[in-house]
Structures are given as C-alpha cells and as structure tokens.
Amino acid sequence: MTQPIDVAALKRDFAIFDKKMRGGKRLVYLDSGATSQKPRQVLDAERYFYENNNAAVHRGAHLLAEEANEAYEGARQSVADFIGANVEETIFTKGATESLNLIAYSFGNSKPGSRFHLKAGDRIVVSEMEHHANLIPWQQLAKRTGAELVWFEITDEGRLDLTKISDVIDSKTKIVAITHQSNVLGTINPIKEIAAQAKKVGAVVVLDACQSAPHFKIDVKELGIDFLAFSGHKALGPTGVGVCWGKSEHLAEMEPFLTGGSMIESVTMTDATWAPAPRKFEAGVPNMAQAVGLATALTYLTKIGMDRVAEHDALLTAYALSKLIPLAGVKVIGPQNGVDRGAVISFTIDGVHPHDVGQALDGNGIAVRTGHHCAWPLMRKLGLVGTTRASFYIYNDKSDIDILADSIVEAQKFFKVN
Amino acid sequence: MELESLYQEVILDHYKHPANKKLSSDYSTQVHHVNPSCGDEITLNLTLQNGLIKQVSWEGVGCSISQASTSIMTDLMIGKDTESALSVLDEFTALMQSKGLAKGNELVLEDAVALAGVSKFPARIKCALLGWMAFKDAISQSVADQTK
C-alpha cells in the first residue's frame, strides 16, 4: 500500500470546491465519469500559454510561433509518455468522440485493397456496454460499407460474456471496438484476452479508454491494442482536447479523416498528398492551449502516481458498495464487488425515477449523473429507463459517500417509498 | 426548502395516481414523443370530434414531473375545443419559461399551477413539457388530417 492521497490538501487546488451549492451546502462532486474538475495548475497553464506563447503552431517564423510549437509538441510528448506510446503515434483531437470517428471515417475512406477497407462479409465487433461514442461510429460504418456489426453480450453480473469469444471475433472480423471500463456498470474488461483473440484473426483493436486512462496506469504496448481514444476533460484537463493513439504502421497506411491546412505535404489545384502522422490527422490550427492544459493535468496525475489514484478509487468503490448495497429499495447495477470494477456506481431506487433521485441529491449539494448515460442499448438490455450514477475521483473521500448514502435514504422518505 | 417547492403534494399525487394513463383503443391520432436527453417516452392517443377534444389517453415512462404534468394536462384538456386547449397550452409554456417569476393563473391552469416551481430548474422544464408537446403535436396532426 502506498501513501494514501491527502484529499483535504489536494482539494485546495480545485477552486470549485469553495462554491456554495443550493441552501449553502458544500459541493459533493460525484460526476467525474461525465467530466472531472480542473486543478488551478491546469487553468494556469492555459492562461500562461495565451499570455506568453500564443501563436498558430506549425506556421510562422517568429519567436512566438517557435514557443507555441515547443509547448504543443512538448504536450504531445507528455501525453505519449502517459500512455507508454511513441510521440509520432499520438494525435490530438477535440475529444474521444472525434478520436473514434477519426478511426471509423479513416477506415471508411480506405480504398479496395487496403487492409482497412470494409465490405460485405467483413465483421465489426463491439459490445452491449459501449457508450454511444464507441457504438454509433461503428454501427454507421457497418451500414455504409455493408459489413456486419456483431457484439458481445453482458452477463447478469454486468460483465462481458466471453464464453463464445472465438465465434464472435472470427476470421471475418476486421475491427474490435471495445470499452476498457463501462461508464455505466464500472466493469473493467479483460482487454489482453480480447486483443489476443483479435490478433489471432488479424483484426485491429480500438480501445475506448475514456473511463480508464484518467484512473489507472495504461500502457498501450502491454495491452496489445492497435488504437486508443480518451478525452482530456475526464482526466483533469480542459474540454476541447482528446487523444487518439494508433500504431505507426497503421497510421502510415490510413486515409485522413479531416482535410485542410497543416495536414498536407504538397497541394496542387487538383490533388494533395499528406504529411506523415500525427500531422496527417490534425487538420487546421489545433487546440494548443488545451493540449498544454491536458499535458499539465497528466503531469499532475503522474505526480500523485497512477497507482495511488487507482488505490484511492478502489478504496472509495469498495466503501460505496458496502454503503449502498445493504440499503433497502436500492439496487446497485453491475458487479457487486470491487473486483475488476472502476469508480463508477450506477443504482436505482424502487419507486423513484432517476431524475427525481438526482433532483433530491442536488438539494444536498450532490452532483450525480442521471438517465441513460449515453448507453441506451445497455439500458434496454437491463430493462431500465435509466439509473443514477455516482462516480469518484481523487478529490472525493468517504465523507462524500456518507452524504450520498444518507441523502438516498432521505429521498426515499421524501418520495414516500420506504 | 427548494425540493418541496418543486415537488408539491399535488404533483406527487398525480405521479402515484395518474389520470387517463391507459391507451384507449379508438383514437383519431396517435403520437410518440421521446426526451432524448433522459430517455423518457410517451405515447398519446387523441380523439378530436368537430373541434372538440373528446378523449386524451396516454402511456409512458418518466420522472414524477413528466408523469404528473401529463396527467394534469389530460384532465385539463378533455372537453375543451382546440382553440382554448391551445391557449391553455401557451399559458402553461409561458409559465414554464418564467424562471420562477410567475405563479400561473389557477383559473386557467388549475392543478398545473403546482408545476410553477419547475421553471426555476431549467433542466426539468423539458420533463414538464413532454406530455404537453406530445398533445400539441397530436392536435396539429389531427387538424391537418381532417382538412386533407
């Protein structure tokens, strides 16, 4: 066991925790699965960039352009280091949604003969627990190309049913797009096992790491995957910046997604050739200050230590499960213990709609997510209209969970269901 | 306390015992509306006869605000002519957009004034309006069908 995180000290870096919520109550922020709060260091880094180095990168011969370039490419190096990647394989996007669309549209743009070209008879594999961002791009790609979309189902416990893994990821499979950790169930999926099967049949693995990269150590090489996407804003970073990582051999072969300035090698009136990756996939002036902010956020996390972040998450998850599971009329969705489970807990309360639960909790200063969590097919599978979701991060402690549990009981009284 | 101002007793009563919440087998128009941000859904059957709202029945899933609001709306609308129904609807929509400043005219809106507190919670206004918008849609479809 490493040194636990000193939450009280750490919270001083986050100005938002000084905010008074309804009725003057303190903020109990349990919605980091949707977006994390930002430490002062990240905001300062963005401001510093704008006040000292701001210029369009990859253009201009002046001092500012040079400094902006250095800051932006330095940020790329920090991101690459954070996920164990090579810097030229690390692409900045607007967010994970764009990252996943980049891969899907690039494949869709490939010409016959390319290993990424899809046609009838090919197969794309996803799972029932995907966020819409890692479902719809593939679903629509399948529709456009005639490829078949198949998916892993979930077990009653809320884990991937991998019993027929070699039937699902079969020799027709070209792409396996899977989430590392469910944003609804908290389930952490066995990626190495899935990647090993994908490798056997020559399929590429696209990993949605939105819920995992901010919470535990990721090493793209160790996972055996081909692509990875995550958003900056769930990892203490700013909105408007995300990461798309891909193996360089793939990136070299892939068609661009967005075209325009910056991403070219040479242009005539009738044709164009592309710059090598990552530039090939970064058309236009990028979100430079946001990239710098994200690098600062990842440095902040690395300074705490991702192992400590993971241990902190595990501690809170176990504590929350021990508080919520025994409550009468409360049902925790997904794995009932902390094994291979991240810091996301969805639950329902008999007789109270998730929106009403969220409203009641809001009355006590608690911020949770309610509804279908952009995983509508999963909700249908579970037979639910929605859930209430509490998600934890480095600035939460047990007292937040105590307030949550007490407020749930209070809400049951208010709506007269217990 | 703000929670009580939002969830008045009459709302919780309608939520527990919703009016007209069983789809009638005969109707002139059926509509299905979804609130894509939360997944709430409603199916509404309307029977319009000679410009009179004879019957409104519905089925759906949603939070207490959306369910109570739809229940109250059906009670209000049945028996009205389309013109006065739409004017009630406009008055309710204006109340929802009042940001907590209006109380609502009880003579026109009856039980629906209990929903005035919703206008202080921007995220919940669409919950309160789900059934009303379905009704409005059903009226315009019904009228369009009859003038064909």
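B:N20 is found in the loop between α2 (9–16) and β1 of chain B. In this predicted model, B:N20 has a positive phi of about 60 degrees although it is not a glycine. Most residues other than glycine have a negative phi, and most peptide bonds are trans. B:N20 counts as buried because it has 20 C-beta neighbours inside 10 Å, and the cut-off for a buried residue is 20 or more.

Chain A has a residue of this kind in A:H58, a non-glycine with a positive phi of about 60 degrees. A:H58 sits in the loop between α2 (40–53) and α3 of chain A. With 17 C-beta neighbours inside 10 Å, A:H58 is classed as partly exposed. A cis peptide bond is present between A:A277 and A:P278, with omega at about 5 degrees. A:P278 belongs to the loop between β10 (272–274) and α10 (288–304) of chain A.

## Sheet of chain B

Chain B contains an open sheet of three strands in the order β1-β2-β3, with antiparallel pairing. Its edge strands are β1 (29–35) and β3 (52–61), each of which pairs on one side only. From one strand to the next, the twist averages 20 degrees. Helix α6 (residues 122–146) of chain B packs on this sheet and touches β1, β2 and β3 of chain B. The direction of α6 makes about 150 degrees with that of β1(B).

Strand β2 (residues 40–49) of chain B runs antiparallel to β1(B), and seven bridges join the two. B:N35 has B:D40 in β2(B) as its bridge partner.

## Sheet of chain A

The bridge partner of A:F230 in β8(A) is A:V243.

## Domains of chain A

The domain assignment divides chain A into domain 1 (7–30 + 306–414) and domain 2 (43–302). Their centres, taken over C-alpha atoms, are separated by 29 Å. Domain 1 of chain A contributes 23 residues to the contact and domain 2 of chain A contributes 25 residues. On the domain 1 side, α11 (306–324), β12 (344–349), α13 (376–382) and β15 (387–391) of chain A each supply at least two residues. α11(A) gives the most to that side, with five residues. The residues of the domain 1 side comprise twelve nonpolar, five polar and six charged.

Helix α12 (residues 354–362) of chain A is largely enclosed by the rest of the structure, because nine of its nine residues are buried. Among them are A:P354, A:H355, A:D356 and A:D362.

## Contact between the chains

The contact between chains takes eleven residues from chain B and 14 residues from chain A. Helix α1 (residues 2–6) of chain B gives the most to the chain B side, with three residues. By type, the residues of the chain B side are six nonpolar, four polar and one charged.

Notes. Residues numbered from 1 in each chain as written. Chains lettered and ligands numbered in written order. Predicted model: local features only at pLDDT ≥ 70, side-chain atom pairs only at ≥ 80, totals over all residues. Contact = placed C-beta atoms within 7 Å. Helix = DSSP H or I, 4+ residues; strand = E, 2+ residues; numbered from the N terminus. Nonpolar A, V, L, I, M, F, W, Y, C, P; charged D, E, K, R; others polar. Pairing = 2+ DSSP bridges. Axes fitted to C-alpha atoms, helices over the stretch in contact; angles between N-to-C directions. Domains from an automatic or database assignment. Buried ≥ 20, exposed ≤ 12 C-beta atoms within 10 Å, placed from the backbone.
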